[in-house]
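Welcome, and thank you for taking a look at this one. Please have the sequence and the 3D view open as you read.

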Amino acid sequence: MPKLTIDGKEVEVPKGTRLIEAARKLGIEVAHYCYHPGLPIAGNCRMCLVEIEKNPKLQISCHIEAADGMVVKTQSALAKQGRQNTLEFLLLNHPVDCPVCDQAGECKLQDYYMEHGLHDPKFDDNKVRKSKKAFPIGPNVMLDTERCILCSRCVRFTDEITKTHEFGIFNRGDHSEVGLVPGKSLDNPYSANVVDICPVGALTDRDFRFKCRVWYLGKTPSVCTGCSRGCNIEIDYDRLRPHKKAGHDRIMRFKPRENSEVNKWWICDAGRYSYKLIDHGRLVAAKQSGIDASLDAALGEVAGLLAKAREQGRSGRIGVLASPDMTNEELFLVRQLFREELSAALAFEMAEPAGHKDDFLITADKHPNRAGAREILGTGLAKGEELLARAARGDLVALLVFHWDIAALAGADRLAAAARGAPLYVFATHENRTTYAARFALPVANFAEQSGTFTNCQGRVQRIAKAVEPLGESRPAWKILCEFSDALRLGWTHESAESVFAELSASVHAFAGMSWQTLGHAGATWKQGQPQEAAAAR
Amino acid sequence: MAANVKVLKRRELTWWENTFLPSIYAGLVITSRHFFGNLAIHISHVFGLRKKERGSTTYQYPEEKRPLAHRYRTRHRLMKRDSGETRCVACMLCETICPAHCIAIVAKEHPDPDIEKMPASFDIDLGKCVYCGFCVEVCPEDAIRMDTGRLDIAAYSRGGMILNFDHLMNPELPVLDPAKPVAR
Amino acid sequence: MQHERFLSTRFNTTEFQDLGAYRKAGGYETAKKAITAMTPAQIIDVVKASNLRGLGGAGFPAGMKWSFIPKDNPNPRYLVVNADEGEPGTFKDRYLMVHDPHRLIEGMMIASFAIGAHKAYIYIRGEYIRPADILDKAIAQARAAGVLGPKCLGSDYALEIVVFRGAGAYICGEETALLESLEGKKGQPRLKPPFPAVIGLFNCPTVINNVETLCCVPYILERGADWFSKLGAEKNGGNRLFCLSGHVKRPGVYECSMRVTLRELIYEQAGGMREGRTLKAVIPGGISAAILTANEIDTQMDFDSLKKAGTMAGSGGVIIMDDSTNMVKALWNAMQFFSHESCGQCSPCREGTGWAFKVVSRMLNGQGHKNDIAALLHASRNMMGTTICAFGDAAGTPGVSYIQKFPKEFEERCTHA
Amino acid sequence: MEPMILDMLLKAGLGLIILGMVLNIAGLLTWVERKQSALMQDRIGANRAAIFGFTALGLLHGIADAVKMFTKEDCMPKGAHRFIFNLAPAISVAFAMAAFAAIPFGNTLTLFSRTINLQVAELDAALLFVLAAMSIAVYGVILAGFSSNSNYAVLGGMRAASQMLSYEMSMGLSILGLVLLNDTMNLQEMVRAQGGTWLGFIPRWGVFTQPLAFLVFTTAVLAETKRAPFDLPEGESEIIGYFVEYSGMKFGMFLLTDFIETVLAACLVSVFFFGGWQIPGLHATGFHFPWGTTIPLPPLAVSLLGVAAMMTKVVFFNWLFMALRWTLPRFRYDQLMHLGWKILLPASIANVLVTAAWVAWRG
C-alpha cells in the first residue's frame, strides 16, 4: 500500500491506484475530461496535470500510479498554469455556443473555465469548422462534433462497456472529429450513457433536447423501477417556476447515479426513458366502474367492508393481491394488516411472460421488489390466478388488487368473471382495463412521489425518495393501508415510510440491523443466513 | 473606537432674521419673478412673440414627447438576423436572471443546424417587468434590447400586459389589445 | 578529418541488392556466427559495449533497449524495424535499404536472435515504394535461400520478416504509434509506461530499432565493439549517416564519425555554401530540432554535444540555409508540416499546431498582430512536454528557436494592431 | 312697511350678489391656484378640460371638477355618525359664507334716490360677528374628524381645531387696536375711518396705523384658512387630514370652504388695513389731489369706483395668499404652536396695550 502526500495531506492507497483517484480519496478533485473511472485510461485530454516533486515536467494524474513517498501538488502555480494552458487549447476550436447547448450548466468546460479563470485567451483567429453541426446519430443521441474535445470517452464506452464499437475518431490534427463508424447507428440498449459521460455538449440527449435548462432542475436520488436490477438513478424534475405554465411534464429526465455494487455508472435506455410513465396515463381520481367518484367514499367502503368482514368472522374470505411493485414498507403493512390482523387470502405473484434480459444490467423480472415481497410475504403463497378463480366462484367477499393490470395478464374474461363474483377494488397508479372494470379504482402514488425502499435482485435494499407531489388525488399506498388500520382501530401510528421501515427491520430477519440512515443513498445488502423467515413462521 | 466628533455651531439669527419677514419677502420675489416672467412669455406667445422662449420646462406629453437618452430603458424588442429571423436562441439566460420572473421562453429546434435553437414562444409580462435591463445585459446574442422608445404601455387586463413573440419582433405594431380577455 | 566509412561504401552501386553478390562479399557470415556461436546475452553485451545509439532520433543506447525485454514473459517477442523515415530533411535509411538491403536483414537477424524474436517487421513508410519492393525481393531471396525461414542459415533458429507499408503518416515514425499502425489501428502514440519492451506489438515484448541502427550491428559483431566505439565520440559509438540538404554545393548523405563538427560537414564534406552566399542557419537533426545560427556550428555532431548546444541530433537530417532564406517562411513550412501531421490525440498538440500555423501564416502574409510573437511562443511552449509522445516537443521547438534566434525577422511582420 | 320690505328685498338681492360673487371667486380660485402655481414653477398647469376643443386656458377645469364631485360616489365610512358626518361640511361652508354678510363692499350707493349701504348686514358689532362666524367654522372641522369613525380623521380634526383656536386669539387681539383707534366695531365705519390722507399722500389705512397688527392678523388669518404654510390639518400629500373619509361634493364643500375663507381673509385684510373700498384721494365729490387738482365725479361713479377698489384689493390679496402658499414651506406643528402662542399672541397683546396707551394719552 503506497503512502503518498497530496497537497500536504497524506493518503494510503492500494497499489496501482492512479493519482487522480488517490486525490479523490482526499476530496481533491483534479480537473479532467478523458478520465472516467469506469473506462480505460486514454490520457489524451492532458487536463489533469499535477506537479510531482522531483519530476521536472507536469504529469497527468489519471495515468501516473501512486508510488510510495510521492509528493504531489495539485494546486501549485505550475500545475494550475499547466491546466489553464490545456484548457486554452481545448477551447481554441470549441464553438462556445453555450447559449444553444443543453450541456450548459453541467458542462465541464464551463466548470473548469470558472475554476482556472482563463480570462485572457490569446487565440484570436478563425476556428476550425468541423464538417457537420448537430445531427442525430441514433434514436436517443445527438452529436455535435464542433463541441467535441475528443476525449474519446464515448469511443471507449462503446468499445469496452457495450462492445458495440459504434464510435471512432476520424481525421488528424485539429480536423479530428468523433463520428460513427460508417454504416452504424448508435442504437445499442445503453446508448444514452454516452450523453452522461460526455464532459461537454458534443453528445446530448434527443429526448431532453431544449426541454429545460439544467439549472432549473431539482434532483432527487432514487431507484429505477424498470426491472429488478434496481439501478440507482437521479430523478431530475423541473422545479416549477411560478411564471411557467402548469400542466407540462414534471419529470425532465432520469440520470444514472453511481453505485459500484449495482449499476456502476450506467443505466439502460429503457430505464432512462421510463420517466415518461410518471406523468402520463395516470389514475388521478377515484373511479367507480370507470367513472369519476369520491375517493373518500371508496376508501370508506373498503374500510367498512374490512371491518364488517372481521366482525362477521369472514375476513379469511377477503382476497388481497399485493404486488412486487410495492415498496418493502407497503408490503410489510399488507402483511401486518391482511395476514396478521385479518388472515385474508394473500397473493402477490401472477404468471407473466418472461421479460427481455441481457448479461449486463437488464433483468428478466420487470418488477423492482420481487425479492422484498418474497422475503416479507413469503414464497409459499397462492398465485393471483387462484384468487381470481375464488372470486369468480363467489368464494370471496371482496378482492383487493394492488398495481396489477389483471386484464392484461389474465385476460379480460377472467377479470370480468372475478368482478362478477366479488366486488373488485383496484389500487393503481395508471388507468388501464382493470381499473375500468373495478367496482372502485383508487389512485395511488408512484415511486417518484413517495419514499420507501425496494429490494433488488441481489438482495440490496435501496431507498427511493419523493421527487414530486402525488398527482391528483393519489396518495402512497402505505398511507391508504394506514387509513384502513384506523378504521379497524389497530392503533398504528406510522407517520412516514421511515417509521414503517424501522418496524420492518425489527420484525423481518433479512432487514435486521438496517435503518433509514445506514441505507443512505447507496443501499445495503441484506443479511444472508436465515432467509424466508416469514415462510418458516407460517 | 472613539469617534471624532466635530461640533458645528449654527449661526445665531438676528432679531430681524428671526421674524422671517426678509426671507418670506425674498421667497416671494423669486416666485413672483417666475410668475410674472412666465406670464409675460405666455401672453407674448398669444401674440406670436418670443416664440423661442419656453414658458415652462414641462412637456405636454402626448403631443410633445420628451427626448429619451439613448440608454433609456423602454419596452423590449427582439433583434433580427439579416434574414429577418429572430436572433434569440432561447438560451433562457434572460429568463434565469430576470428578478421579476416576467420572461417565459419555450425553445424549439431551428431548421438551420448552425443556429440550432430558437424560441417556440417568448412572452414578457410587462405587468411584472421592473425594467432593470438585466435581460439585455445578460443576452449573449444581443437578441433582446430595451430601446424601442415606447413607454405607452397600458392594458385593460393583466393578460393584456403580456407581450408575445410577435409583439417583441415587431415593436412598431400596436400590441396592447384592449379587447384581450382578462383571463390568461 | 578522415572518416573510416562502412555503411555508405555500397551507396554507388545496386549490385548488393542481390543475395548472391552480398554473400560473395562475406554477407551473413556474421549472422551465422552470432546465431551459432554466441548467446543472446553475449550479443547484447557486445552491442552495449559498442556504445551503439538508436540512430532514428532519440539516441537511446540500443543494447540497453534489447536488454529490457523481460526474460520471464511467455508471450512471443517481436522485432520491429522503424523504416518510417518521415522526418523532413532525412533520407539516409532509403539509401541503406536500396543499396544494401541484406545488411538490414542481417542486422535484424542478429537483433531478433538477441532478443529471442522469431518474427520481425519492417515498417516502411508508404512513399518508399521502390525500397519496399527491393526489401520484399531481398527477403524473398533470403527466404528461398534458407537464410530466413524456419531454419535460418541452417541453424535451429527460425525467423520470418514481414515488410509492412505505412500509409504516409509522420506520426507512425513514433514507435508506439507505429505499433498501433502495425496492429491495424489508427496510428496514435500510446501512453507510456508500459514501454514497448514490456507491452508492445500485440501486447507482447517488442524491440523497435531504426534501419541504420540495425545496419550497424553486423559490423559491430564483425569488427568488435571496441573498434566501433572508438570510431565515434564518447558514449556515441560509430559513424552516422548525415543527410545534408539545403543551400550547400553538394547536398547528400555523408557518413561521418560522430565526432565530426557541423562546420566540417558543411564546409568540407558538402563543399561549402552555394556561390556568393553565406550561411545563415542550420537545423542539425531534422525539422524537429532547434535551429542554430552561423556562429554556433562548431559543435560536435554527437547526441550529447548537440543536446548541450540546445538542440538535438535527431535523425541526422542537416538542413542548411543561406542568407537568402526567409525564416518566417521556413517556420511556416515547418508549422504547416506539423499541423498537418499531428495525430489529434492530445489536446495541446492537436490544437496548438493548428494555432501556431495560423499565427505564422498571418505573419507570412504580413498580417501579423503586435502580440502574435507572444501568442506563438505561448502556443509553442505549452505544447512542449505536455503530450503523450514527443511530437509536442518537436512541434513546439521550431517556433521557440526560430523566434529566439531571428527575432527581428518576426518582429518586422507583426506590426498590425 | 313698504320701505322696510323694499330694504329687505334690496338687502336680500345684495346678499345674493355677494354670495354669487364670493362663490365664483372661490371657484375661480381653484383655477388660479393651479395656474398660478404652474407659472411660478415653470409649468403650464391645467389645460386639458375642453368643450368642443376650447380649453379656455384651463378654466373649464373648475366646471369639470364640479361635475366630477357631483357625480362621484358619496361614501360614508362604516360606523360614521351619519347626521354629523353630513352636517360638518355644511357648517364649514355656511359659516364661512355667513361672515361675508358683514363685509362692506363699497360705500353707500344712491340709486333712484334710495341710499343703499353696500354691506349686507349693517351690524354695529360686525367685527364680532365675523370672528364668531369664523370660529364656528372650527366646528365643521372638528365634527368632520369626529364623525368619520377614523383615527386619522380625528387626529386631523384635533390638529385643525387646536391650530384654529391658537390663531383666533391673536387674530381677535390684533384687531382690537383698530377698534380702539377707530372707536367702532362696524366694519363699514372702520373703512370710512380710513378715508383721507396724512400729508396728502399717505392714506390713513390701518396698515400704517397698526403695522404690527397687520402682520399678526395676516398671519393669523392665513392660519385660519388652513392653507399652506399652515396646512397641517389637511397635509395634502403627507399627513392625513380631517376630511380623509369624505368624498364627492361633501369633500368639495370642505375644499370650497378653504377658498371661501381665503376670499374672506382677503376681504378682511383689505377692510381692516387697506381701507376697504377707499381710494386715496377719492372723495365723495371726486378726486382731490394733494397739489390741488380735482376731478369731479358723480356720486354713482364714486361708489362704483369704491366697489372696484375693494375688488381689486381682494383680488390682490388672493394673489398674495396664493403666492405665499406656493412660496413657503409648511410649518412643523411645534413651530406652528410656537409662532401662535409665543410670538403672535404676545405681539398682539403688546400692540393692544400700546394702542390703548396711545388712545388714552391722546384723550
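A search of the whole structure, which is a predicted model, finds 84 salt bridges over all chains. One of them joins A:Arg250 to A:Asp279, with the closest N and O atoms 2.9 Å apart. A:Arg250 sits in the loop between β12 (232-238) and β13 (251-256) of chain A, while A:Asp279 belongs to the loop between α6 (269-272) and β14 (287-288) of chain A, so the pair ties together parts that are 29 residues apart in sequence. Side chains of opposite charge can pair when their charged atoms come close.

## How the chains meet

Let us turn to the contacts between chains. Which chains share the most contacts? Of the three pairs of chains in contact, that is chains A and C. Some chains do not touch: for chain B and chain C, the nearest C-alpha atoms are 22 Å apart, and for chain A and chain D the corresponding distance is 36 Å.

The size of an interface is often given as the accessible area lost when the parts come together. Here are two of the interfaces by that value.

| Chains | Buried area and share on carbon and sulfur atoms |
|---|---|
| Chain C and chain A | about 2600 Å², 51% on carbon and sulfur atoms |
| Chain B and chain D | about 1500 Å², 68% on carbon and sulfur atoms |

### Chains C and A

This contact takes 32 residues from chain C and 33 residues from chain A. Three salt bridges are found across the interface of chain C and chain A. For a salt bridge with a partner on each side, find C:Glu341 and A:Arg172, whose side chains meet at 3.3 Å, N to O. Polar contacts are also present between chain C and chain A, with a count of 18 residue pairs (both at pLDDT 80 or more).

Which elements of chain C give two or more residues to the side that touches chain A? They are α13 (327-341), α14 (347-364) and α15 (372-383) of chain C. The largest share of that side, nine residues, comes from α14(C). By residue type, the side of chain C that touches chain A divides into eleven nonpolar, 14 polar and seven charged residues.

### Chains B and D

Between these chains, 19 residues of chain B are in contact with 16 residues of chain D. How many salt bridges are counted between chain B and chain D? The count is one. D:Arg48 and B:Glu63 form a salt bridge, and their closest N and O atoms are 2.9 Å apart. Chain B and chain D also have eight residue pairs in polar contact (both at pLDDT 80 or more). On the side of chain B that touches chain D, the residues are seven nonpolar, eleven polar and one charged.

## Sheets and strands in chain A

Now have a look inside chain A. Five of its strands form an open sheet with mixed pairing, in the order β2-β1-β5-β3-β4. Which strands stand at the edges of this sheet? They are β2 (9-12) and β4 (59-60) of chain A, each with a single partner strand, so one side of each is left without a neighbour in the sheet.

Strand β1 (residues 3-6) of chain A runs parallel to strand β5 (residues 71-73) of chain A, and two bridges join them. To find this pairing in the view, look for A:Ile6, which stands opposite A:Val72 in β5(A). Helix α2 (residues 77-92) of chain A lies across β3 (49-52) and β5 of chain A, running at about 155 degrees to β3(A).

Chain A also has a hairpin to visit. Strand β8 (residues 167-170) and strand β9 (residues 177-180) of chain A pair in the antiparallel sense over four bridges. Here A:Phe170 stands opposite A:Glu177 in β9(A). Six residues lie between β8(A) and β9(A) in this hairpin, and A:Asn171 in the turn has a positive phi of about 70 degrees.

## A sheet in chain D

Chain D has an open sheet of three strands in the order β5-β6-β7, with antiparallel pairing. At its edges stand β5 (282-283) and β7 (294-296) of chain D, each with a single partner strand, so one side of each is left without a neighbour in the sheet. β5(D) pairs with strand β6 (residues 286-288) of chain D over two bridges, in the antiparallel sense. Within this pairing, D:His283 stands opposite D:Gly286 in β6(D).

Conventions
Residues numbered from 1 in each chain as written. Chains lettered and ligands numbered in written order. Heavy atoms only, no water. Contact = heavy atoms within 4.5 Å. Buried area = accessible area lost by both parts, 1.4 Å probe. Salt bridge = Lys/Arg side-chain N within 4 Å of Asp/Glu carboxyl O. Polar contact = N/O pair within 3.5 Å; in protein donor to acceptor, adjacent residues only side chain to side chain. Nonpolar A, V, L, I, M, F, W, Y, C, P; charged D, E, K, R; others polar. Pairing = 2+ DSSP bridges. Axes fitted to C-alpha atoms, helices over the stretch in contact; angles between N-to-C directions.
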